[in-house]
Amino acid sequence: MMLDMYQVDAFSKKVFGGNPAAVCPLDEWIPDEVMQSIALENQLSETAFFIKDGNEFRLRWFTPAFEIDLCGHATLASAHVLYQHLGHKGPIVFHTRSGALYVEQQGEKYYMKLPSRPPKEDSGPANIEAALGIKPVDIRLSRDYFFVFESEQQIRDMKPNLDLIYKWEEVVGVTVTAVGEKADFVSRFFAPRAQVNEDPVTGSAHCNLVPYWSEKLGKKKLYAEQLSARYGELHCEDLGEQISLGGNAITFLKGKIDLSTVL
């Protein structure tokens, strides 16, 4: 069995930027353990798999370590594959573990509607300062820990102790954020438990970031930068129960996986 696979750089206008995701269109689901093995073999932060369901699609995402409940950049990458390589026209509906997600193309950008997950006040783990090197000014929790700092430079300079973060078993990862110098806000995201030490651009983290900064800054439309080495930019809007994330995507490669010895 030969399986098509695309690798797409999401939230970037050029290859080698943004966040790379693998995308595998399927005619029907293959065993979960095979999808997990493909994700581990790819060693990207997420590998997405989708099947057509009537006029809509069912979408799943796997990190190298486990299946995840929500991934923004691999959703954007999946939409890019449908529009640019598989001839899809019109809005896309993906049914996922986080409910129905909507994507549409507007010019060169793709805009997703994802669930809003405002982070709630929390005491956080006891060793925050040891793990991050600096004490946050605000501590919150959603699916992930959410730490707010005083400046963009603190986010840029941060060199977290990933061994300590790995021990925070109650979360998938850690978002660190601050008001931006040019952007409305900036962030980085670390998820060593998912075998992703630093995720280059994290759509799911913006489900927390957008409602938080929308309230703090008193504005609905925001421009965001994720300050990983690969860098990414996101055009955001607080829609209430949902957020909108817009960004570019570009195909890096197209290939085939030979599963003849597995299935």
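Two strands pair if DSSP finds at least two bridges between them. With that in hand, here are some close-up views of this predicted model.

**Figure 1. Strands β15 and β16 side by side.** Strand β15 covers residues 221-226 and strand β16 covers residues 232-238. The two run antiparallel and are joined by six bridges. Look for Q226, which stands opposite G232 in β16. Together β15 and β16 make a hairpin, with five residues between the strands. In that turn sits Y231, whose phi is positive at about 70 degrees, although Y231 is not a glycine. Is Y231 buried, exposed or partly exposed? With a relative accessibility of 31%, Y231 counts as partly exposed.

**Figure 2. Strand β13 and its two partners.** Strand β13 spans residues 185-191 and pairs with β15 in the parallel sense, over three bridges. Here F185 faces A224 of β15, the two standing opposite each other. β13 is also joined to strand β14 (residues 196-199), this time by two bridges and in the antiparallel sense. On this side F189 stands opposite D199 in β14. The hairpin of β13 and β14 has four residues between its strands, and Q195 takes a positive phi near 60 degrees there.

Figure 3. D184 belongs to the loop between β12 (174-179) and β13. Is the residue buried or exposed? D184 counts as buried, because its relative accessibility is 17% and the cut-off for buried is under 20%. A polar atom of the D184 side chain lies 2.7 Å from the backbone nitrogen of Y223. Leaving aside residues up to four places away in sequence, D184 touches V179, L217, K219, K221, L222 and Y223.

**Figure 4. Helix α1 and the strands it packs against.** Helix α1 runs over residues 32-42, and its buried residues are V34, M35, Q36, I38 and A39. What do these buried residues pack against? Their partners are β1 (2-10), β2 (19-26), β3 (47-53), β4 (56-62), β5 (67-68) and β18 (249-258). After the helix comes Q43, with a positive phi near 55 degrees.

**Figure 5. F16 in its loop.** The loop between β1 and β2 holds F16. This residue has a positive phi of about 75 degrees, although F16 is not a glycine. F16 is exposed, and its relative accessible area is 59%.

**Figure 6. S78 and its neighbours.** S78 is part of helix α2. Its relative accessibility is 0%, so S78 counts as buried. Not counting residues up to four places away in sequence, S78 touches V23, A48, F50, L59 and F94.

**Figure 7. Aromatic pairs.** A pair of aromatic rings is described by the distance of the centres and the angle of the planes. The count for this model comes to twelve aromatic pairs. One of them joins Y83 and Y110: the ring centres are 5.8 Å apart and the planes meet at 15 degrees, so the pair is stacked. This pair links distant parts of the chain, as Y83 lies in helix α2 (residues 72-84) and Y110 in strand β8 (residues 109-115), 27 residues apart. Both Y83 and Y110 are buried. Y212 and W213 also form a pair, edge-to-face, with 5.0 Å from centre to centre and 90 degrees between the planes. Y212 is buried at 6% relative accessibility, and W213 is buried at 5%. Y212 and W213 belong to a cluster in which ring pairs also link F146 and F185.

**Figure 8. Arginines over aromatic rings.** Which residue lies over the face of W29? R60 does, at 5.3 Å from the ring centre. A second example is R193, which lies over the face of Y166 at 4.9 Å from the ring centre.

Key: Residues numbered from 1 in each chain as written. Predicted model: local features only at pLDDT ≥ 70, side-chain atom pairs only at ≥ 80, totals over all residues. Heavy atoms only, no water. Buried < 20%, exposed > 50% of the residue type's maximum accessible area, 1.4 Å probe, protein only. Contact = heavy atoms within 4.5 Å. Phe/Tyr/Trp six-rings, centres within 6.5 Å; stacked < 30°, edge-to-face > 60°. Lys NZ or Arg CZ within 6 Å of the ring centre and 35° of its normal. Polar contact = N/O pair within 3.5 Å; in protein donor to acceptor, adjacent residues only side chain to side chain.
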